[in-house]
Amino acid sequence: GRGACSMGQGLACAQGDGHVTVIAVGGATRSGKGTLSHQLLGWFGVGPSHSLCLDLFFKRPIPLHNETGYENWEIPDALDFDEFEEALVNVIDKVRESAEPSKRVVVVEGFLLFAHERIRRHFNHCLLLTISVDTCFFRRQTTKWVPAEYFNKILWPEYVRNCLPIVDCSWLFILNGEESEESILAKALSVLSRDGNTQRALPQLASFCPLEVQSQVELLKHHLRGTAQYSEEDRRALNATARRSTHAGQVREECE
């Protein structure tokens, strides 16, 4: 079963940030974090001033990966969590002071959001989007490519390493990032509907039943067992496909 992972690793009480609800959206690269975050902001009728992205808080210089020599952007040490926390508290305070009650919501997103207990204490809801290693590789290489060696030895293994400790934590709600955007949003809203502070802004949705929660946990564990063993040929083929698709789209737009 799922455990609380001890009080020290759990979430803050809803009162911890007053009446501002903080929703955290995590997951691997290209799992749909940004899309869901933007959808949630739209649902609550709020803008960028109610959001924060962890990707803006990388340290310089980025630590090097010992084996490959690549900069390792995938580890907690590459991020300035102190600066991120300070920025997050500022966003929460501004929303508390200026937003009307139904819009006192902050949405944060990032691939390592749940790596630090101190940061997690600011979150009222933790949503993690899970995708398979194949989906992750395909999406990443057709949008923002990296060397196959970087993906195989750094990007995916570091994601798995940082995700494994929290898989069974009861405060984590897992969403299948390979479902449609509409389905993911609906399920995210069903999780948020448990919060009395945001109830006014949410539809009446059935909460996840225990069986469905467990099935999502098993899905995440299955995804985390996937290993990255891609070649440069795989990467080049995907990039070529992406370039052809982009060119075809541009040609269609020019002809319309």
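**Close-up views of a predicted model**

**View 1. Strand S1 (residues 21-27) and S3 run parallel, joined by five bridges.** The model is predicted. Val22 faces Val106 of S3 across this pairing. On its other pairing, S1 meets strand S4 (residues 125-130), again in the parallel sense and over five bridges. Here Ala24 has Cys126 of S4 as its bridge partner.

**View 2. Strand S3 (residues 105-109) is largely enclosed by the rest of the structure, because five of its five residues are buried.** Val105, Val107 and Glu109 point one way from the strand. Val106 and Val108 point the other way.

**View 3. Strand S2 (residues 51-53) pairs with S3 over three bridges, in the parallel sense.** Ser51 stands opposite Val107 of S3.

**View 4. Five strands build an open sheet with parallel pairing, in the order S2-S3-S1-S4-S5.** S2 and strand S5 (172-176) are the edge strands; each has a single partner, so one side of each lacks a neighbour in the sheet. On average, neighbouring strands are turned by 20° against each other, direction ignored. Helix H1 lies across S1, S2, S3, S4 and S5. H1 runs at about 160° to S1.

**View 5. Helix H1 (residues 33-44) packs on helix H6 (residues 181-192) at an angle of about 60°, with the axes 10 Å apart.** This angle makes H1 oblique to H6. The crossing is right-handed. From H1, the contact residues are Thr35, Leu36, Gln39, Leu40, Trp43 and Phe44. They meet Glu181, Ile184, Leu185, Ala188, Leu189 and Leu192 of H6.

**View 6. Helix H4 (residues 133-141) and helix H5 (residues 148-163) cross at roughly 130°, and their axes come within 12 Å.** H4 is therefore oblique to H5. The crossing of H4 and H5 is right-handed. H4 contributes Val133, Cys136, Phe137, Arg140 and Gln141 to the contact. On the H5 side, these residues meet Ala148, Phe151, Leu155 and Trp156.

How values were computed:
Residues numbered from 1 in each chain as written. Predicted model: local features only at pLDDT ≥ 70, side-chain atom pairs only at ≥ 80, totals over all residues. Heavy atoms only, no water. Buried < 20%, exposed > 50% of the residue type's maximum accessible area, 1.4 Å probe, protein only. Helix = DSSP H or I, 4+ residues; strand = E, 2+ residues; numbered from the N terminus. Pairing = 2+ DSSP bridges. Axes fitted to C-alpha atoms, helices over the stretch in contact; angles between N-to-C directions. Parallel < 35°, antiparallel > 145°, perpendicular 65-115°, else oblique. Left-handed = near helix turned anticlockwise from the far one by under 90°. Contact = heavy atoms within 4.5 Å.
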